[in-house]
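Please examine the structure below alongside this briefing, which treats domain layout, ligand surroundings, charge pairing and backbone geometry in turn.

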Amino acid sequence: MSLPLAQSRLAAARHVVVLTGAGISAESGLRTFRGSTGASAEDLPADMQTLWKEFDPMRLATPEAFDADPAMVTRWYDWRRRGCLAAEPNPGHAALAKLERDLTARGGTFTLLTQNVDRLHQRAGSVNVVELHGTILEWRCTRTQRRFTPGPEPMTEFPPRSPFHPEGLLRPDVVWFGEMLPEVALAASARAVERCDLFMSVGTSSVVYPAAAYVRAASANGAFTIEVNLEPTPISGWVDAPIHAKAGEVLPRMVC
Ligand code: BJW
C-alpha cells in the first residue's frame, strides 16, 4: 500500500531530502547501534549483535570516555574504521546515488543527510552529502583540531599521538554524545529541511537528536514523509508512507 504511494510521490517531487542511519549500511555488513538486525537476537553470536548490545556507549562514544581511557576508545574506533574501509556500498546506497542524478537532471535538488560515519554513500556516487556525525575515516588532533587521514593498515599505537602537536592525541572526527554537530552540517540541514517537498528517513531508529527532529520539521513545513525501516520506530505511526522492509531491497524498487 505505502510503496506505490511512495514511488509516485518520489517521481513527482522536486526538492528531496533523505536522512540515513546505520540500517542502510547493515546490508554492507556493518553493525547497527540499536534495533532489529533482521534475525532473532538470541540466535546471533556476540559479534553480530547490534553495537550497543555488546558495548556500552557511555564508555566509548562520549568525550568523557575518551578522556578516561583514550587507549581503549581509540582501539575500538580503529577496529570500526577498518570495518568501514573493508565494506562495500550496497544497492540501497546505489539507489540513493541514482535518485540524486535523476532529480538534478530534471532540475530538482537532492540533499542526503547521513548520520553514518562510513562514507559508503560517497563511494556509491552520492555528491550532496551532509555528514551529521562526522566520519570515522578522518581523525583529528586534540590540540590543533587539524585533520589526519590514517592509512588502511591497522594503527599500532593507542592512543595514537598527533603528528601536529607534541602533546596532542588523535581522535576520530565523529560526533559523540554531548558534542555539538558541525555548524556547517546543521546549517545545511536546516536549509534543506525547510525547502524540501519530500523527506525520506531510511534505516534510522529516529531516537538520536537533533537528526531525529528533522522529519517532524519537514512534515510541519508540508513535505510528504516516507520511512524505510525493518521495524516500527517512533515516527512510523505518523509518517505519510511507512515502509517496513530492507533498504537494499526496497530503495532500488522506489528509484527505478
Ligand atoms: C534497517 C536495516 C535494513 C537495520 N534496512 N533498516 C533532545 C532530546 C533528548 C536528548 C537529546 C536532545 N538533543 C540532544 C540530545 C542528547 C543526545 C541524544 O540524542 N540522545 C538520545 C539518545 C536521547 N544527542 C547528542 O548528544 C548530539 N549532540 C547534540 O545534540 O549537541 C547539543 C546538545 C548536547 C547535549 C544535550 C543537549 C544538546 C550528538 C549525537 C551524536 C551521536 N553519536 C553516535 C556515535 C557516532 C560515532 C560512532 O559511529 O561511534 O552516532 S551514537 C549513534 O546513534 C551514531 C548514530 O549516527 C546515531 C543514530 O543511530 P542510527 O543511525 O539511527 O542507527 P540505529 O542503530 O539506532 O538504528 C538502525 C535502524 O536501522 C534500526 O531501527 C533498524 O531496525 C534499522 N535497520 N537493518 C532498513 N537492512
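The points that follow are grouped by topic.

This is a predicted model, in which local features need pLDDT of at least 70, side-chain atom pairs count only at pLDDT 80 or more, and totals for chains, interfaces and linings use all residues. Residues are numbered from 1 along each chain as its sequence is written, and side-chain values use heavy atoms, with hydrogens and water left out. The protein chain is assigned two segments of architecture, domain 1 (2-30 + 88-133 + 180-254) and domain 2 (32-86 + 139-174), with bounds that come from an automatic or database domain assignment.

**Domain arrangement**

- The centres of domain 1 and domain 2, taken over C-alpha atoms, are separated by 25 Å.
- Domain 1 contributes 15 residues to the contact and domain 2 contributes 14 residues, where contact means heavy atoms within 4.5 Å.
- About 960 Å² is buried between domain 1 and domain 2, and carbon and sulfur atoms give 63% of that area; buried area is the accessible area (1.4 Å probe) that two parts lose on being put together, summed over both.
- On the side of domain 1 that touches domain 2, the elements giving two or more residues are α2 (23-26) and α8 (120-124); helices (H or I, at least four residues) and strands (E, at least two) are DSSP runs, numbered from the N terminus.
- Between domain 1 and domain 2 there are 0 salt bridges, a salt bridge being a side-chain nitrogen of Lys or Arg within 4 Å of a carboxyl oxygen of Asp or Glu.

**Ligand surroundings**

- There are 35 residues around the ligand, of which F33, R34, Y77, T204 and S205 come nearest; a residue is near a molecule if one of its heavy atoms lies within 4 Å of it.
- R80 places a polar side-chain atom 2.7 Å from an oxygen atom of the ligand.
- H133 places a polar side-chain atom 2.8 Å from an oxygen atom of the ligand.
- L230 has a backbone N or O atom 3.4 Å from a nitrogen atom of the ligand.

**Charge pairing**

- Side chains of opposite charge can pair when their charged atoms come close.
- The whole structure holds 12 salt bridges.

**Backbone geometry**

- The peptide bond from F158 to P159 is cis, with omega near -5°, and P159 sits in the loop between β5 (147-148) and β6 (170-174).
- The peptide bond from Y209 to P210 is cis, with omega near 5°, and P210 belongs to the loop between β7 (198-202) and α10 (214-220).
- R119, although not a glycine, has a positive phi of about 65°; R119 is located in the loop between β2 (109-114) and α8.

Conventions:
Polar contact = N/O pair within 3.5 Å; in protein donor to acceptor, adjacent residues only side chain to side chain.
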